[in-house]
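Please keep the sequence and the coordinates open while reading.

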Amino acid sequence: MLRGKVLSLEAVPLLFDTATGRATAMLVTLKCEITFEERETGKVLYHTDNFVFRNQYEISTDPGNPDSVKNFFEEQDPALDRMARDFAERLVAAIVENY
């Protein structure tokens, strides 16, 4: 059984387009409390109060396109999917390394 609690989520602009001043990349930092335990016995196999995931994500911007705001929001779900996959990969690696 894997349990997690999000302690904080921070997204900070990292790079900017010099022509428009808009952010072109964000640094996302996610801090979580994670517990991985054996279902039958309840034995804790892995626990941390401070699992930190940090990754950089590019933002698609097209200042000449009036639909750029619409496109930004259309990309939100795929961006969250990428972040979830990246987070899961790092978490599995941390659990395997400490097991």
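Phe87 touches Leu30, Cys32, Ile34, Phe51 and Phe53, where contact means heavy atoms within 4.5 Å and residues up to four places away in sequence are not counted. The model is predicted, and for that reason local features need pLDDT of at least 70 and side-chain atom pairs count only at pLDDT 80 or more, whereas totals for chains, interfaces and linings use all residues. Residues are numbered from 1 along each chain as its sequence is written, and side-chain values use heavy atoms, with hydrogens and water left out.

- As general background, nonpolar side chains tend to be buried together in soluble globular proteins.

**Aromatic pairs**

- The structure holds 2 aromatic pairs, a pair being rings of Phe, Tyr and Trp (its six-membered ring) whose centres lie within 6.5 Å, with planes under 30 degrees apart counted as stacked, over 60 as edge-to-face and the rest as tilted.
- Phe51 and Phe87 make an edge-to-face pair, at 5.5 Å centre to centre and 85 degrees between the planes, and this pair links Phe51 in strand S3 to Phe87 in helix H2, 36 residues apart in the chain.
- Both Phe51 and Phe87 are buried, where buried means under 20% relative accessible area, exposed over 50% and partly exposed in between (1.4 Å probe, protein chains only).
- The ring centres of Phe53 and Phe87 are 5.7 Å apart and their planes lie at 75 degrees, so this pair is edge-to-face.
- Because Phe53 lies in strand S3 and Phe87 in helix H2, the pair ties together parts that are 34 residues apart in sequence.
- Phe53 is buried, as is Phe87, and Phe51, Phe53 and Phe87 form one aromatic cluster.

**Salt bridge**

- A search of the whole structure finds 1 salt bridge, defined as a side-chain nitrogen of Lys or Arg within 4 Å of a carboxyl oxygen of Asp or Glu.
- Arg3 forms a salt bridge with Glu37, and the closest N and O atoms are 3.9 Å apart.
- Arg3 belongs to strand S1 (residues 2-16) and Glu37 to strand S2, so the pair ties together parts that are 34 residues apart in sequence.
- Arg3 is partly exposed, at 46% relative accessible area, whereas Glu37 counts as buried, at 19% relative accessibility.

- Thr48 is found in strand S3 and is buried, with a relative accessible area of 17%.
- A polar atom of the Thr48 side chain lies 3.2 Å from the backbone nitrogen of Asn50, and Thr48 is also in contact with Cys32, Glu33 and Ile34, leaving aside its neighbours within four places in sequence.
- Asn55 likewise lies in strand S3, and its side chain makes a polar contact with the side chain of Asp86 (3.2 Å).
- A polar contact is a pair of N or O atoms within 3.5 Å; within protein, one must be able to donate a hydrogen and the other to accept it, and residues adjacent in sequence count only if both atoms are side-chain atoms.
- Asn55 touches Met26, Leu27, Val28, Asp86 and Arg90, not counting residues up to four places away in sequence.

Key:
Helices (H or I, at least four residues) and strands (E, at least two) are DSSP runs, numbered from the N terminus.
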